[in-house]
Amino acid sequence: MKGLNERKGFDFDYYQRNALLQERGFPSPKATSTGTTIVGVIAKDCIVLGADTRATAGPIIADKNCRKLHLISPNIWCAGAGTAADTEFVTSMISSNVELHSMYVNRKPRVVTSLTMLKQHLFRYQGYIGAYLVLGGYDCKGPHLFTIAAHGSSDKLPYVALGSGSLAAISILETKYKPNLERHEAMELVREAIEAGIFNDLGSGSNCDLVVIDNEKATPYRGYSKPNERAKKEQNYKYERGTTAVLREDIHKFVTVETLDEMEVDV
Amino acid sequence: MATSVTDPLNVDINSIKKGEIRMGTTITALKYNEGVILAADSRTTMGAYIANRVTDKLTQLTDNIWCCRSGSAADTQAVADILKYYLSMYEVQYGITPTVHTAATLASEMCYTNKNMLSAGLIIGGYDEKTGGEVYSIPLGGSLHKQPLAIGGSGSAFIYGFCDANFKENMTKDEAVEFLKFAVALAMERDGSSGGTIRMVILNKEGMERKFFAINTENPIPRFYR
């Protein structure tokens, strides 16, 4: 069903207004970027993806505990770096299409399906959709780990790191990775790699989220490591009642509370 | 990678898109007495960072036709995927396996028609029973060149002399492997955008054989005067 005012192509309506504002000294707001450290590792019989949880808008931290690990299907997860909105929407879109495709072909989804859908979509937009993704999953053909860049290229590797903290993370992976890691070894390696990004990259911080995918299920670990918890305040900064003298008290009620019958949804 | 052709009417200053992943590269292919061999380095860069140090730049298009990719990783992966699709459709529609010439012509048409938007240098190599193997070079503009030896990518600039001095037609398999191994290794030595490991694909009537050379393994990369 199409909307009444369906317009095709990019919407340039605000172009003139934004240009004018910029001229007058109001620069356009920076898109929320995920700064980010994201990492993926293939272990002996599972695959581990990790991410930090800081989202930045320029120099400000927009979200101290955001989720960068997205579900594409129960056996395929994706970590996203780059423009937060782009990673969110592109993974969500491909997740829906993979679910539909899986029902159509009557098979569990494969990682290469989501890889091809993502890279062909991103290539069509020539890099303007700023999504840099680490795609990992366990399907009928085994574990697979891919990186996908915004321009539409992909690489298949046993261990990967992406985002502004990738240099810190990859140095940990290059030092400590070996083939056929045990599940807990791989989780610890990923945690160390993400923490390298958290502590050495300004664009990454807060906690480490993990997801472990094996041939049966995926286990997300939200807040697997929290090395930046806020310390207890050292003093009590509350002012006791009476610090400010009350001269007069007037109470006006502006809200009326009514209890209605329950809304009937089904007959 | 050589700078792109500039149109005098529309100057393209930034042919390298920001944040784009490139395959600086050294890619080579030659025809030897029993077929063809393709060889490439394994480095993909994003600016000064090596995004993948073990890339496989040799992509299979059909059972007996492979291609080497250089330039933009996204562009060449997309072109190779579309080529693979066209060639498998060709086989279904015409009932015969496509020739190397067909694959090369399709590739050059794609590269030429979209030359303004693509940054892709390809070398197509394959084995046909009839011809005994062919190598085609498709540089940036989309032209097609059939050659007994083709080299491409930013690293190729450093080995023109070596190749001109040492290449012979109808080498044996071992001679050809040694020649290409040395050529790619020399280019990797001097070109910052090439490096890592050397991957090779040998195509002949027996089928396909892959070779892999890396330091500290039983198939090391040759070392030179340092």
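Reader: How many salt bridges does the rule find across the interface of chain A and chain B?
Author: This is a predicted model, and side-chain atom pairs count only at pLDDT 80 or more. One pair that qualifies joins A:Lys119 and B:Asp81, whose closest N and O atoms are 3.8 Å apart. That pair passes because the cut-off is 4 Å. Across the interface of chain A and chain B, the rule's count of salt bridges is two.

Reader: Which element of chain A gives the most residues to the side that touches chain B?
Author: On that side of chain A, at least two residues each come from α3 (111-124), β9 (154-156) and α4 (166-176). The top contribution is four residues, and the element that gives them is α4(A).

Reader: How many residue pairs are in polar contact between chain A and chain B?
Author: The side of chain A that touches chain B has seven nonpolar, six polar and three charged residues. For polar contacts, both residues of a pair must be at pLDDT 80 or more. Under that condition the count of residue pairs is five.

Reader: What area is buried between chain A and chain B?
Author: The contact involves 16 residues of chain A and 19 residues of chain B. On the chain A side, A:Phe123, A:His151 and A:Asp155 lose the most area, together 36% of what that side buries. Carbon and sulfur atoms give 51% of the whole, and the area buried between the two chains is about 1300 Å².

Reader: Is chain A compact or spread out, and what is its radius of gyration?
Author: Chain A has five helices and twelve strands. Its C-alpha atoms fill a box of roughly 75 × 60 × 60 Å along the principal axes. For 267 residues the globule rule gives 18 Å, and chain A is well over that, so it is more spread out than a compact globule, with a radius of gyration of 24 Å.

Reader: How far apart are the end C-alpha atoms of residues 227-259 of chain A?
Author: An unreviewed UniProt entry lists these residues as "domain: Proteasome beta subunit C-terminal". The span is 0% helix and 0% strand.

Reader: What radius of gyration does chain B have?
Author: Chain B contains four helices and 13 strands, and its C-alpha atoms fill a box of roughly 55 × 50 × 30 Å along the principal axes. A compact globule of 226 residues would have a radius of gyration near 17 Å. Chain B agrees with this, at 17 Å.

Technical notes: Residues numbered from 1 in each chain as written. Chains lettered and ligands numbered in written order. Predicted model: local features only at pLDDT ≥ 70, side-chain atom pairs only at ≥ 80, totals over all residues. Heavy atoms only, no water. Contact = heavy atoms within 4.5 Å. Buried area = accessible area lost by both parts, 1.4 Å probe. Salt bridge = Lys/Arg side-chain N within 4 Å of Asp/Glu carboxyl O. Polar contact = N/O pair within 3.5 Å; in protein donor to acceptor, adjacent residues only side chain to side chain. Nonpolar A, V, L, I, M, F, W, Y, C, P; charged D, E, K, R; others polar. UniProt positions renumbered as here; feature names shortened; annotations may be inferred. Rg over C-alpha atoms; globule rule 2.2 N^0.38 Å.
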